[in-house]
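Thanks for making time, everyone.

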Amino acid sequence: MIVTVTANPSLDRLVVLGGPLRRGAVHRAAAAAADPGGKGVNVARVVHAAGEGTVAVLPADQGDPLLVGLSRRGVPAIPVPVGHEVRSNITVTEPDGTTTKLNAPGAPLAPETVRALEDAVVSAADGAAWVALCGSLPPGLPDDWYAGLVARLGAGPGGPRIAVDTSGAALAASAVRGVGLLKPNAEELAELVGLGSPAGTELENRAAEGDFGPVAAAAQELHRATGGAVLATLGAAGALLVTGEGAWSATPPPIAVRSTVGAGDSSLAGYLIAHARGATPPQRLSLAVAYGAAAAALPGTQAPRPEELAVADVRVLAL
């Protein structure tokens with residue numbers, strides 16, 4: 001069982017344009033859709049589509065459009081009542097794959113809701129293989145909220161492995177012992193090891209040229225600090241994995257990018273699926289990159305299905 005936690009879920013509204021986005025102009029959408037979203041929700045959707053056991057823990061009221069969407073897709077969820085609808089995020093995609101996102105901040109959670117959410121996570125984690133703590137935190141939650149869950153979930157023997165995929169101060173606070181996997185992108189990785197976010201672009205550009213050395217050095221530094229695996233996603237350049245067993249890079253299959261929204265979430269899901277199936281680290285990385293590429297080739301935040309993967313076209317190299 002793979003449990004996902006989404007503290008700040010969203011209803012992701014997609015607008016597909018037939019031409020380039022022009023600021024200040026009136027556009028007629030070529031298509032539109034609404035999907036249940038938030039990083040953990042996206043991970044759960046991918047895991048469910050792969051036929052693996054999963055449940056999404058999140059704050060939302062019964063009847064919320066997000067929960068209705070999950071129910072229609074057959075994705076199990078444990079909602080914690082909040083008394084309001086979840087936020088809506090808007091994604092605008094252009095024909096060349098350029099993606100513009102407008103993310104709402106979300107509403108604060110009442111103290112009793114936070115406690116109920118934490119208890120729901122601990123209960124769902126009992127017997128789980130992984131618990132994935134994903135996405136931004138709603139206003140009012142402290143930056144170390146995920147770190148507190150890491151400590152609580154890892155307090156007993158035989159507890160689940162914990163993955164963290166967030167950003168900013170919440171990610172920095174979560175880079176602690178007890179985390180089984182951190183999934184930063186290049187910018188987040190650079191910030192975590194003290195290089196500063198602008199250095200992330202250089203890391204990604206070097207990887208795109210085939211030089212994964214700088215990314216590997218940064219990921220290895222993070223691995224030494226936390227003891228957990230590091231899965232660094234690098235956009236079109238692929239991804240890099242560092243574990244206690246070694247380091248590997250992977251380049252994705254060629255695709256026509258339609259939307260990059262949710263690609264990193266799909267990569268995380270691919271890694272967790274592979275790990276749950278007993279795959280080796282290179283195999284986990286390969287499936288992660290295959291899932292990320294498949295997601296980028298789909299519009300909006302659709303969950304890629306196993307038949308849409310091109311695992312054989314992912315190139316993995318030991319570093």
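I'll take the helices, then one alanine, then the pocket and the cavities.

Quick housekeeping: this is a predicted model, so local features need pLDDT of at least 70 and side-chain atom pairs count only at pLDDT 80 or more, while totals for chains, interfaces and linings use all residues. Residues are numbered from 1 along each chain as its sequence is written, and side-chain values use heavy atoms, with hydrogens and water left out.

Okay, helix α8, residues 213–226. Helices here are DSSP runs of H or I with at least four residues, strands are runs of E with at least two, and both are numbered from the N terminus. α8 has 14 residues and reaches 20 Å from first C-alpha to last, close to the 20 Å expected at 1.5 Å a residue; that expected span is 1.5 Å times one less than the number of residues.

Which residues of α8 are buried? They are Val-215, Ala-216, Ala-218, Ala-219, Leu-222, His-223 and Thr-226. Buried means under 20% relative accessible area, exposed means over 50%, and partly exposed is in between, with a 1.4 Å probe and protein chains only. Down the axis of α8, the buried residues fall within an arc of 165 degrees, so they line one face of the helix. The arc is taken from the directions from the helix axis to the C-beta atoms. If you're wondering about the spacing, an α-helix has 3.6 residues a turn, so residues three or four places apart point the same way.

That buried set packs against β10, α6, α7, β11 and β12, where contact means heavy atoms within 4.5 Å. Just after α8, Gly-227 takes a positive phi of about 80 degrees.

Now α7. Gly-200, Leu-203 and Ala-207 are buried there. They cover an arc of only 60 degrees around the axis, which puts them on the same side of α7. Pro-198 and Ala-208, on the other side, are exposed. The cover over the buried residues of α7 includes α6 and α8.

Next, Ala-269, which sits in helix α9. Ala-269 has 0% relative accessibility, so it counts as buried. Leaving aside neighbours within four places in sequence, Ala-269 touches Val-43, Val-46 and Val-47.

On to the spaces. On a 1 Å grid over the protein atoms alone, a cavity is a set of points where a 1.4 Å probe fits but cannot get out; a pocket is an open set with protein on both sides within 12 Å along at least five of seven lines; and lining residues have an atom within 4 Å of a point.

The largest pocket holds about 1200 Å³. Of its 46 lining residues, the closest to the centre are Lys-39, Thr-260, Gly-262, Ala-263 and Gly-264. α10 gives the largest share of that lining, five residues.

How many cavities of 30 Å³ or more does the whole structure have? Two. The largest cavity is about 50 Å³, and its lining includes Asn-42, Arg-45 and Val-46. α1 gives the most to that lining, with three residues.

Definitions and conventions. Points joined across faces, edges and corners; volume = space filled by probe spheres on them.
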